[in-house]
Amino acid sequence: MNRQAQTVVLFLTGGALLHAGFTDLYLRYVKAGLRPLLIGAGIVLIAAAVATLWYERRARQQERHQEHQPERQAEPHAHADDSHTPSDEPHAPADESHPHREPRVSWLLVLPLLALVLVAPPAAGSYTAMRTGAALQEQPWGYPKLPADGTLRLSVADYAGRAVYDKGRALAGRPLKVTGFLAFDDSGTPYLVRMALNCCAADAQPVKIALTGDLPAVLQPDTWIEVTGTYTPKRTEDPLNGTAVPYLQVTTTKPVKAPQDPYDEAWNG
(Lines give C-alpha, C1' and ligand atoms only; values in the text may rest on other atoms or scores of the structure.)
Protein backbone atom coordinates (compact mmCIF):
# COMPACT_ATOMS: atom_id res chain seq x y z
CA MET A 1 0.00 0.00 0.00
CA ASN A 2 1.44 3.40 -0.98
CA ARG A 3 1.72 6.42 1.24
CA GLN A 4 -1.48 8.00 -0.02
CA ALA A 5 -3.50 4.86 0.70
CA GLN A 6 -1.97 4.62 4.16
CA THR A 7 -2.96 8.20 4.85
CA VAL A 8 -6.54 7.59 3.74
CA VAL A 9 -6.83 4.49 5.92
CA LEU A 10 -5.39 6.35 8.91
CA PHE A 11 -7.81 9.22 8.43
CA LEU A 12 -10.84 6.97 7.98
CA THR A 13 -9.89 4.88 11.02
CA GLY A 14 -9.59 7.99 13.16
CA GLY A 15 -12.89 9.32 11.80
CA ALA A 16 -14.62 6.00 12.53
CA LEU A 17 -13.34 6.05 16.12
CA LEU A 18 -14.55 9.62 16.61
CA HIS A 19 -17.92 8.77 15.09
CA ALA A 20 -18.30 5.84 17.47
CA GLY A 21 -17.02 7.81 20.45
CA PHE A 22 -19.33 10.80 19.97
CA THR A 23 -22.38 8.58 19.49
CA ASP A 24 -23.72 5.56 21.34
CA LEU A 25 -22.18 3.25 18.73
CA TYR A 26 -19.08 2.70 20.89
CA LEU A 27 -21.23 0.94 23.51
CA ARG A 28 -21.53 -1.99 21.10
CA TYR A 29 -17.76 -2.48 21.23
CA VAL A 30 -16.34 -1.30 24.56
CA LYS A 31 -17.57 -0.35 28.00
CA ALA A 32 -18.62 3.21 28.73
CA GLY A 33 -15.51 4.07 30.76
CA LEU A 34 -13.28 3.71 27.69
CA ARG A 35 -15.01 6.48 25.74
CA PRO A 36 -12.33 9.17 26.42
CA LEU A 37 -9.57 6.79 25.27
CA LEU A 38 -11.51 5.96 22.11
CA ILE A 39 -11.94 9.65 21.26
CA GLY A 40 -8.28 10.34 22.05
CA ALA A 41 -7.16 7.52 19.75
CA GLY A 42 -9.31 8.92 16.94
CA ILE A 43 -7.76 12.38 17.32
CA VAL A 44 -4.23 10.93 17.30
CA LEU A 45 -4.88 8.91 14.12
CA ILE A 46 -6.36 11.89 12.28
CA ALA A 47 -3.41 14.05 13.37
CA ALA A 48 -1.00 11.37 12.13
CA ALA A 49 -2.80 11.25 8.77
CA VAL A 50 -2.66 15.05 8.36
CA ALA A 51 1.04 15.11 9.33
CA THR A 52 1.84 12.31 6.87
CA LEU A 53 0.04 14.16 4.08
CA TRP A 54 1.90 17.39 4.88
CA TYR A 55 5.34 15.71 4.89
CA GLU A 56 4.54 13.88 1.65
CA ARG A 57 3.51 17.15 -0.03
CA ARG A 58 6.63 18.92 1.23
CA ALA A 59 8.88 16.13 -0.11
CA ARG A 60 7.28 16.40 -3.55
CA GLN A 61 7.77 20.16 -3.63
CA GLN A 62 11.47 19.70 -2.83
CA GLU A 63 11.80 17.15 -5.64
CA ARG A 64 10.22 19.53 -8.16
CA HIS A 65 12.54 22.32 -7.02
CA GLN A 66 15.61 20.15 -7.56
CA GLU A 67 14.41 19.09 -11.02
CA HIS A 68 14.21 22.72 -12.17
CA GLN A 69 17.77 23.53 -11.11
CA PRO A 70 20.33 23.56 -14.03
CA GLU A 71 22.50 20.46 -14.04
CA ARG A 72 26.23 20.95 -14.02
CA GLN A 73 27.96 19.67 -17.12
CA ALA A 74 31.13 17.74 -16.44
CA GLU A 75 34.15 18.78 -18.61
CA PRO A 76 35.20 16.12 -21.12
CA HIS A 77 38.72 14.69 -20.58
CA ALA A 78 40.72 13.77 -23.66
CA HIS A 79 43.07 10.80 -23.44
CA ALA A 80 45.82 10.34 -25.98
CA ASP A 81 45.75 6.59 -25.74
CA ASP A 82 42.02 6.30 -26.37
CA SER A 83 41.97 4.21 -29.53
CA HIS A 84 38.65 2.43 -29.06
CA THR A 85 35.37 3.65 -30.34
CA PRO A 86 32.34 4.23 -28.14
CA SER A 87 30.83 1.12 -29.64
CA ASP A 88 33.66 -0.93 -28.13
CA GLU A 89 32.68 0.03 -24.59
CA PRO A 90 30.52 -2.39 -22.66
CA HIS A 91 27.00 -1.20 -22.32
CA ALA A 92 25.96 -0.31 -18.80
CA PRO A 93 22.87 -2.18 -17.67
CA ALA A 94 19.77 -0.12 -18.10
CA ASP A 95 18.10 1.13 -14.99
CA GLU A 96 15.11 -1.11 -14.56
CA SER A 97 14.10 0.20 -11.16
CA HIS A 98 10.65 1.37 -12.09
CA PRO A 99 8.20 2.18 -9.30
CA HIS A 100 5.76 -0.66 -8.74
CA ARG A 101 2.11 0.21 -8.49
CA GLU A 102 0.37 -1.30 -5.50
CA PRO A 103 -2.55 -3.60 -6.28
CA ARG A 104 -5.90 -1.88 -6.13
CA VAL A 105 -7.20 -4.70 -3.94
CA SER A 106 -5.43 -3.00 -1.01
CA TRP A 107 -8.21 -0.41 -1.01
CA LEU A 108 -10.55 -3.14 0.23
CA LEU A 109 -9.11 -2.39 3.67
CA VAL A 110 -11.40 0.63 3.69
CA LEU A 111 -14.55 -1.55 3.64
CA PRO A 112 -14.36 -2.65 7.32
CA LEU A 113 -14.06 1.00 8.30
CA LEU A 114 -17.15 1.93 6.33
CA ALA A 115 -18.97 -1.01 7.93
CA LEU A 116 -17.97 0.29 11.35
CA VAL A 117 -19.62 3.64 10.59
CA LEU A 118 -22.66 2.49 8.62
CA VAL A 119 -23.61 -0.82 10.29
CA ALA A 120 -23.98 -1.17 14.06
CA PRO A 121 -23.42 -4.77 15.14
CA PRO A 122 -26.05 -6.33 17.40
CA ALA A 123 -25.21 -6.73 21.06
CA ALA A 124 -24.47 -10.22 22.35
CA GLY A 125 -27.76 -11.95 23.10
CA SER A 126 -29.34 -15.18 24.28
CA TYR A 127 -27.40 -17.44 21.89
CA THR A 128 -24.09 -16.28 23.35
CA ALA A 129 -25.43 -16.14 26.91
CA MET A 130 -26.55 -19.78 27.02
CA ARG A 131 -23.28 -21.03 25.53
CA THR A 132 -21.10 -19.14 27.98
CA GLY A 133 -20.70 -19.85 31.67
CA ALA A 134 -22.40 -17.43 34.06
CA ALA A 135 -20.26 -14.69 35.60
CA LEU A 136 -20.41 -12.95 38.95
CA GLN A 137 -18.32 -10.11 40.26
CA GLU A 138 -15.86 -10.98 42.98
CA GLN A 139 -17.43 -10.89 46.41
CA PRO A 140 -17.21 -7.29 47.66
CA TRP A 141 -16.43 -6.21 51.23
CA GLY A 142 -19.94 -4.86 51.48
CA TYR A 143 -22.91 -3.52 49.56
CA PRO A 144 -24.30 0.01 49.37
CA LYS A 145 -27.26 0.59 51.67
CA LEU A 146 -30.63 0.27 49.96
CA PRO A 147 -33.67 2.55 50.48
CA ALA A 148 -35.66 1.61 53.58
CA ASP A 149 -39.01 1.27 51.79
CA GLY A 150 -40.57 1.10 48.34
CA THR A 151 -39.74 -1.03 45.34
CA LEU A 152 -36.06 -1.71 44.78
CA ARG A 153 -34.73 -1.28 41.25
CA LEU A 154 -31.65 -3.46 40.83
CA SER A 155 -29.42 -4.44 37.96
CA VAL A 156 -29.07 -8.12 37.11
CA ALA A 157 -25.51 -8.15 38.47
CA ASP A 158 -26.55 -6.37 41.69
CA TYR A 159 -29.39 -8.79 42.38
CA ALA A 160 -27.24 -11.83 41.54
CA GLY A 161 -24.40 -10.66 43.77
CA ARG A 162 -26.62 -9.82 46.73
CA ALA A 163 -28.60 -13.06 46.37
CA VAL A 164 -25.51 -15.27 46.21
CA TYR A 165 -22.99 -13.55 48.49
CA ASP A 166 -25.26 -11.66 50.89
CA LYS A 167 -27.90 -14.44 51.07
CA GLY A 168 -30.55 -11.87 50.14
CA ARG A 169 -30.57 -10.29 53.61
CA ALA A 170 -31.38 -6.82 52.25
CA LEU A 171 -33.79 -8.20 49.63
CA ALA A 172 -36.07 -10.53 51.57
CA GLY A 173 -39.67 -9.35 51.67
CA ARG A 174 -39.03 -6.37 49.39
CA PRO A 175 -40.67 -5.86 45.96
CA LEU A 176 -37.97 -5.87 43.28
CA LYS A 177 -37.71 -4.66 39.69
CA VAL A 178 -34.97 -6.03 37.44
CA THR A 179 -34.53 -5.49 33.69
CA GLY A 180 -32.78 -7.78 31.22
CA PHE A 181 -33.31 -9.93 28.15
CA LEU A 182 -34.75 -13.44 28.11
CA ALA A 183 -32.77 -16.59 27.42
CA PHE A 184 -33.67 -20.26 27.70
CA ASP A 185 -31.55 -23.33 28.45
CA ASP A 186 -32.01 -26.70 26.78
CA SER A 187 -34.70 -27.70 29.28
CA GLY A 188 -36.71 -24.53 28.62
CA THR A 189 -35.92 -22.80 31.93
CA PRO A 190 -36.13 -19.00 31.44
CA TYR A 191 -33.34 -16.70 32.54
CA LEU A 192 -33.09 -12.95 32.87
CA VAL A 193 -29.68 -11.98 31.51
CA ARG A 194 -27.39 -9.00 31.07
CA MET A 195 -24.01 -9.33 29.39
CA ALA A 196 -21.17 -7.93 31.48
CA LEU A 197 -17.99 -6.40 30.07
CA ASN A 198 -14.51 -6.46 31.50
CA CYS A 199 -13.16 -4.37 28.63
CA CYS A 200 -14.91 -4.88 25.31
CA ALA A 201 -17.68 -6.88 23.67
CA ALA A 202 -15.24 -9.66 22.77
CA ASP A 203 -14.92 -10.65 26.45
CA ALA A 204 -18.60 -10.23 27.37
CA GLN A 205 -19.90 -12.74 29.92
CA PRO A 206 -23.52 -13.35 30.96
CA VAL A 207 -24.89 -12.62 34.40
CA LYS A 208 -27.94 -14.85 34.81
CA ILE A 209 -31.00 -14.95 37.03
CA ALA A 210 -33.25 -18.00 36.77
CA LEU A 211 -36.95 -17.09 36.74
CA THR A 212 -39.78 -18.88 38.50
CA GLY A 213 -43.34 -17.96 39.43
CA ASP A 214 -45.99 -16.19 37.38
CA LEU A 215 -44.59 -16.10 33.85
CA PRO A 216 -46.41 -15.49 30.54
CA ALA A 217 -47.21 -18.58 28.53
CA VAL A 218 -45.39 -17.29 25.46
CA LEU A 219 -41.90 -15.89 25.92
CA GLN A 220 -39.43 -15.16 23.13
CA PRO A 221 -35.64 -15.23 23.61
CA ASP A 222 -33.83 -11.89 23.35
CA THR A 223 -36.99 -10.03 24.41
CA TRP A 224 -36.21 -7.26 26.89
CA ILE A 225 -38.53 -7.32 29.89
CA GLU A 226 -38.88 -5.65 33.27
CA VAL A 227 -39.56 -8.26 35.93
CA THR A 228 -41.32 -7.44 39.19
CA GLY A 229 -40.85 -10.06 41.88
CA THR A 230 -39.37 -11.05 45.21
CA TYR A 231 -36.22 -12.71 46.44
CA THR A 232 -36.15 -16.46 46.89
CA PRO A 233 -33.27 -18.46 48.39
CA LYS A 234 -33.60 -21.04 45.64
CA ARG A 235 -30.55 -21.29 43.39
CA THR A 236 -28.97 -23.54 40.80
CA GLU A 237 -25.58 -23.96 39.16
CA ASP A 238 -24.61 -23.12 35.64
CA PRO A 239 -23.71 -26.47 34.00
CA LEU A 240 -21.04 -24.79 31.89
CA ASN A 241 -18.81 -23.60 34.74
CA GLY A 242 -20.57 -24.40 38.04
CA THR A 243 -21.20 -20.73 38.96
CA ALA A 244 -24.13 -20.17 41.32
CA VAL A 245 -27.24 -18.78 39.61
CA PRO A 246 -29.94 -17.33 41.90
CA TYR A 247 -33.68 -17.49 41.28
CA LEU A 248 -36.17 -14.64 41.29
CA GLN A 249 -39.84 -15.23 42.17
CA VAL A 250 -41.76 -13.41 39.42
CA THR A 251 -45.10 -11.73 40.02
CA THR A 252 -45.43 -9.63 36.84
CA THR A 253 -43.49 -8.99 33.64
CA LYS A 254 -43.56 -6.10 31.21
CA PRO A 255 -41.85 -5.80 27.81
CA VAL A 256 -39.50 -2.81 27.58
CA LYS A 257 -37.32 -1.23 24.95
CA ALA A 258 -33.70 -2.33 24.84
CA PRO A 259 -31.49 0.23 26.66
CA GLN A 260 -28.92 2.37 24.87
CA ASP A 261 -26.20 0.51 26.74
CA PRO A 262 -27.10 -3.17 26.35
CA TYR A 263 -24.40 -4.30 28.78
CA ASP A 264 -24.78 -4.45 32.53
CA GLU A 265 -24.12 -1.02 34.09
CA ALA A 266 -22.70 -2.60 37.23
CA TRP A 267 -19.71 -3.74 35.17
CA ASN A 268 -19.28 -0.56 33.15
CA GLY A 269 -17.62 1.61 35.73
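A nonpolar core here is a set of buried Ala, Val, Leu, Ile, Met, Phe, Trp, Tyr and Cys residues joined through side-chain atoms within 4.5 Å. Buried means under 20% relative accessible area, exposed means over 50%, and partly exposed lies in between (1.4 Å probe, protein chains only). The model is predicted: local features need pLDDT of at least 70, side-chain atom pairs count only at pLDDT 80 or more, and totals for chains, interfaces and linings use all residues. Residues are numbered from 1 along each chain as its sequence is written, and side-chain values use heavy atoms, with hydrogens and water left out.

**Cores**

The largest nonpolar core holds 24 residues. Tyr159, Leu171, Leu176, Leu192, Ile209 and Leu248 have the most contacts inside it. Two or more residues each come from β1 (152-154), α5 (156-165), β2 (176-184), β3 (190-196), β4 (205-213), β5 (224-237) and β6 (244-255). Helix α5 gives the most to this core, with 6 residues. Helices (H or I, at least four residues) and strands (E, at least two) are DSSP runs, numbered from the N terminus.

A second, separate core has 15 residues, including Ala129, Tyr191, Val193 and Met195.

Take Leu192, in the largest core. Contact means heavy atoms within 4.5 Å. With neighbours within four places in sequence set aside, Leu192 is in contact with Val156, Val178, Thr179, Gly180, Phe181, Val207, Lys208, Ile209, Leu211, Ile225 and Val227.

**Aromatic rings**

How many aromatic pairs does a search of the whole structure find? It finds 2. Rings of Phe, Tyr and Trp (its six-membered ring) pair if their centres lie within 6.5 Å; planes under 30 degrees apart count as stacked, over 60 as edge-to-face and the rest as tilted.

Trp54 and Tyr55 form an edge-to-face pair, because their ring planes stand at 75°, with centres 4.9 Å apart. Trp54 is partly exposed at 47% relative accessibility. Tyr55 is exposed at 54%.

Phe181 and Trp224 are also edge-to-face: the centres are 5.5 Å apart and the planes are at 65°. Phe181 sits in strand β2 and Trp224 in strand β5, so this pair ties together parts 43 residues apart in sequence. Phe181 is buried, at 3% relative accessible area. Trp224 is buried too, at 13%.

Lys234 lies over the face of Tyr247, at 4.3 Å from the ring centre. The test asks for NZ of Lys or CZ of Arg within 6 Å of the ring centre and within 35 degrees of the ring normal.

**Salt bridges**

A salt bridge is a side-chain nitrogen of Lys or Arg within 4 Å of a carboxyl oxygen of Asp or Glu. The structure holds 6 of them. Among them are these:

| Salt bridge | N to O distance |
|---|---|
| Asp158 and Arg162 | 3.0 Å |
| Arg169 and Asp166 | 2.9 Å |
| Glu226 and Lys254 | 3.5 Å |

Asp158 and Arg162 both lie in helix α5, 4 residues apart, about one turn of the helix. Asp158 is partly exposed at 24%, whereas Arg162 is buried at 3%.

The bridge between Glu226 and Lys254 joins two strands. Glu226 lies in β5 and Lys254 in β6, so the pair ties together parts 28 residues apart in sequence. Glu226 is buried at 9%; Lys254 is partly exposed at 45%. Through shared partners, salt bridges link Arg153, Lys177, Glu226 and Lys254 into one network.
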